[in-house]
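Hello,

Here is the structure you asked to look at. My notes on it follow below.

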Amino acid sequence: NRLKTKRELTGNANGTKKMFGVSGGGMHSFTPPFDSEMGGNIMMSGMDAQAYEMAEKDAKREKLNAVVIETMNFLGMAQNTDRFVRLLEKADVICIPDVEKLNQEKCEKLSLPFELV
């Protein structure tokens with residue numbers, strides 16, 4: 001169970017992380033290049049900014065998936081993990097703070113099982 005959680009946190013998007021310059025493990029961070037001639041201002045083209053945002057979004061999604069997998073395993077509902085993750089994605093819930101904001105009314109509106117949220 002812990003191995004599956006660890007894979008979710010670190011394993012799924014290793015290629016994406018390397019491609020966009022994001023370090024592995026835990027919360028991912030990206031350090032944009034600095035322009036020393038311009039007084040240390042951050043140089044980031046439109047493509048780099050988009051890659052950074054995608055990598056951050058993927059990192060948040062991976063962390064949520066790891067929490068969902070661990071919780072569903074603990075509840076003995078591992079067979080329903082994929083379905084629950086798809087429901088969260090369909091409801092545009094992509095990170096842990098999004099889950100924290102959900103209440104029973106919002107769950108009903110988004111067709112999410114409140115008992116699992």
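**What was found**

Of the 117 residues in the protein chain, 29% count as buried. Please keep in mind that this is a predicted model.

The overall make-up comes first. The protein chain has 6 helices and 2 strands.

Next, contacts and surface. Among contacts in the protein chain with a separation of 6 or more, 49% join residues 24 or more positions apart. The chain exposes about 8200 Å², and carbon and sulfur atoms supply 53% of that area.

Then the charged side chains. How many salt bridges does a search of the whole structure find? The search finds 1. Its partners are R61 and D58, whose side chains meet at 3.6 Å, N to O. This distance counts as a salt bridge because the cut-off is within 4 Å between a side-chain nitrogen of Lys or Arg and a carboxyl oxygen of Asp or Glu. In general, side chains of opposite charge can pair when their charged atoms come close.

Where do R61 and D58 lie? Both are in helix α3, which covers residues 46-74. They are 3 residues apart, about one turn of the helix.

Regards

Key: Residues are numbered from 1 along each chain as its sequence is written. This is a predicted model: local features need pLDDT of at least 70, side-chain atom pairs count only at pLDDT 80 or more; totals for chains, interfaces and linings use all residues. Side-chain values use heavy atoms; hydrogens and water are left out. Helices (H or I, at least four residues) and strands (E, at least two) are DSSP runs, numbered from the N terminus. Buried means under 20% relative accessible area, exposed over 50%, partly exposed in between (1.4 Å probe, protein chains only). Contact means heavy atoms within 4.5 Å. Accessible areas come from the Shrake-Rupley method with a 1.4 Å probe; for residues, only the protein chains shown count as cover.
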